[in-house]
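Please look over the sequence and the structure shown here before reading the notes that come after.

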Amino acid sequence: MLFQTPLFFIFFAILMPLYAATMQRLRLQNAIVMVASYIFYAVWDLRFLSLIITATSVAFLLGPGVAGQEISRRQLRHALLFLLVGCAASFVPGLPGTLFYLACCLGLGVALLVFVPWANRQDSTRRAKASLAFGAVFNLGLLAFFKYFNFFADSLVDLANLAGVELGYVTLKVVLPVGISFFTFQKLAYLIDIKRGRVQPEDDIIKFGAFVAYFPQLVAGPIERAGHLLRQFDTPRTITRQGLATGAGLFLWGMFKKVVIADNIAPLANLAFADPSAASAGVLWVGLLAFTFQIYCDFSGYSDMARGLARAMGLELMVNFNIPYVSRTPSEFWERWHISLSSWLRDYLYIPLGGNRGGPIGTYRNLFLTMLLGGLWHGASWTFVAWGAFHGGILILYRLAAVDKWLDGAPREGAGAMVRDLGLIVLMFALTLFGWLLFRAASMADVVDYAAGLFSHGDLLAGAWGQLAAFLLPLFLVQWLQLRLRDLEFLPRVPGFVRLNMVLGLVFALLFLAPAAPSAFIYFDF
Amino acid sequence: MRIRTLLLGLGAIVYSGLFGELFLRALKPQPLVPRYVTGGADGVRANMPDVAFRQWTPEVDVTVRYNAAGMRDDRPPPPLAKPPGECRIALLGDSYFVGFESAWPTSFAARLEAELAAAGVKARVLNFAVSGFGTAENLVVMQRRVPQWRPDVVVMSWHATDPADNLRSGLFRLNGDRLQPTGQPFLPGIELSDRLMAWPGYRWLIENSHLYSAVRERAGQIIKGLLVAVRGAEAGADSGPEGFVVVPPAPSLPSLAPPRGAGQGDARLDRALITAVEGAAAQAGARLLLFDIPTRRSRTDFLSPIALMLGEAPVPAVSPQSAFSAVARPDLKLYWEQGHLHWTPQGNAIAARVAARDILSRGWLAACMGPGAGRSASGHEAIEAGAISP
């Protein structure tokens, strides 16, 4: 169910009155949020609903164990009941794979029945370690199976073929459940945060289910932390006029970025990347710039829409993008781009690897590994690995050159600072462009063809420069205001008449400038 | 306080409308293609008699005139009695045959008459086409409006939207193999439209407002879709290969997808309707020619709805698809692209030549041929060579 479709508006229009009517009954309201989120997800593929339910049950049950507490019979009963009811509800006789998922659910139920009494017999330290290990293996195992099985199997087959061994039978056709990378990381963070003593394990499976499956952020983030979102399910929410107004503003702006900008410039990128060797330099430059802004508007548009929906419901999701293309350095870029992922990688990968505690070499190794795995998180492809390695590489180079340290001590105001910042922004943007070339290309061979074509295919003026500029103009205008006013949500601060015209502009653009058929968000594939 | 709120609300609505109008004019001009239809006494729509109105798109600016008989023609209607030595051709169809987005001299009807005249045939084309018509409405017109004009030939268009229109109208249904009128009129939105059209401000609006045009088109699409769904369910139209033909859109040209409504319908009903039109034409002493309106996939790629939807046509039929393909070039528009996708003057000219050539080759107008007639209209070779002029 895409946010920008009539089906979603109907869904939300039914949900909101129910939600508002249960403001005084917190547990019921959480249950409504959870069931609505499951419906939202089931519209894509009912079979994979069992995946979320399974993962929710496991994380819920392991939470107390990771905290070193004994897992109570009540908790076990609730988790198993939740698991079985959820899996039964997502069982559709005759649907391919549905029996497999039901069998997995039952198998997992048995495993939990064995694990919990065993864990309860251990001392608290051992129980915590075992529970965390169970949670990590389970979550990463799910991710590995659904997301990386084909990649590694295909790579193994290729390797074996090189050695003259036929291994074609290894490949399976595993369908990727939408949003699996996001909700898996969310639950991993929950368990690790319990281990670190940052959050308490949740005792109410309904509340926990609502947190894990909360529909605005379920399939493409932001990757929320329990300390931020789960705690918001503890207390009654309020729906305010201001929340509705600013939430609607965020939603509209996000939808504009997705539907009007990203979807209209996507064909320019598709054209260029379809056959880079045949396109002129102008078409290739337009295509690369188009993709650079398409992926930003598509993904940040989704995040804004998610935040807007949550705010209308009295909940707050974290800011996921903060005008990333004005970054001066790679580290600044990652503080502005997909913030929920980059901070996740920092907290749960870079720091556990040793962070910057192991001297310069250790720091560079950890940076590189973190970015490499961040690339792989996006998908099982060598182009994503190369993208991660490239970003790891430029992070190291900038660190070696101590650019961030130099900027910390350099003057922030004046013409000199402005020229310096502009130069750094242009350089960083050029590097980002190359990164997106790695990210978007179908293969490494295409990367080479594309990069060569940018400088050797002549006719720079060919390509739809005008069309690209026309769609990017409103984005630049809004981001200039965001920078100037130092406020990502400046709309309430502008005069009423200007605000009215901006909202009308957004609404009419959405009504009349959007492509006829809605398209899915790019990050649904990750 | 209440009055102030009311005034503020009204002001906001008016301002939003003005904003939308300016927004569309500046960023996405909408085709202004008013239809000027009203209800006919026979239960289906008819063109308003004696009106002239403007149609504007980013590509064309034309005046459309309906004469006193409601026919798209810059001339007054002829007398009912046919003059000696003159043949008459009745056109049944939708906006393609009406000649939307075309000036009268370049419309299909005028070009057909000119082609026949050039071939030495004295023939008058009587245009009974009404925008939005499908075969069911054409059948009513054939039964009720056409016979008094005593045509010799009836040319009826077959368009990709006809199956959905036939289902949507609910004018006829199949009882076994028999076609039965339902007895229900089909005058969608006509009562409201007539009331609004009585107000000169509304006429100005439909001919000049981009916002109104955009809203009306979208509302029309939604209502049409709902009507097709409801009537389809009532009629039990199946979705098997016989009933539904899905025309694949051109992957590189998403905006040039098949016409709206294409791909939904009941092929048995369509065939029965076409056969009934042929029967009604025969009763009026005329022969029926089914004329294909090719579906445009790109400037050089056209599909034949007759071939796709009907397979073998149940009546004599001809398609300009191959003639279109023969002359097609990436720099030549046979269909307008920024309006409602009707034929350009070149498209009308080719279609009219194909129709004239086919009619002449069948000898249906032999009674009206002068000495040496029939030569210059056989312009298929010229069409294939690309020698066309607007």
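Predicted model: local features only at pLDDT ≥ 70, side-chain atom pairs only at ≥ 80, totals over all residues.

Residues are numbered from 1 along each chain as its sequence is written, chains are lettered from A in the order in which they are written, and side-chain values use heavy atoms, with hydrogens and water left out.

**Interface of chain B and chain A**

- Chain B and chain A bury about 950 Å² between them, with 78% of it on carbon and sulfur atoms, where buried area is the accessible area (1.4 Å probe) that two parts lose on being put together, summed over both.
- Of the area that chain B buries against chain A, 49% is supplied by Y15(B), F19(B) and F23(B), more than by any other three residues.
- Zero salt bridges are found across this interface, a salt bridge being a side-chain nitrogen of Lys or Arg within 4 Å of a carboxyl oxygen of Asp or Glu.

**Helix 12 of chain B**

- Helix 12 of chain B (residues 345-362) has 18 residues and reaches 26 Å from its first C-alpha to its last, close to the 26 Å expected at 1.5 Å a residue, where helices are DSSP runs (H or I, at least four residues) numbered from the N terminus and the expected span is 1.5 Å times one less than the number of residues.
- Because 15 of its 18 residues are buried, helix 12 of chain B is largely enclosed by the rest of the structure; buried means under 20% relative accessible area (1.4 Å probe, protein chains only).
- After helix 12 of chain B comes G363(B), whose phi is positive, near 70°.

Note on methods:
Helix = DSSP H or I, 4+ residues; strand = E, 2+ residues; numbered from the N terminus. Buried < 20%, exposed > 50% of the residue type's maximum accessible area, 1.4 Å probe, protein only.
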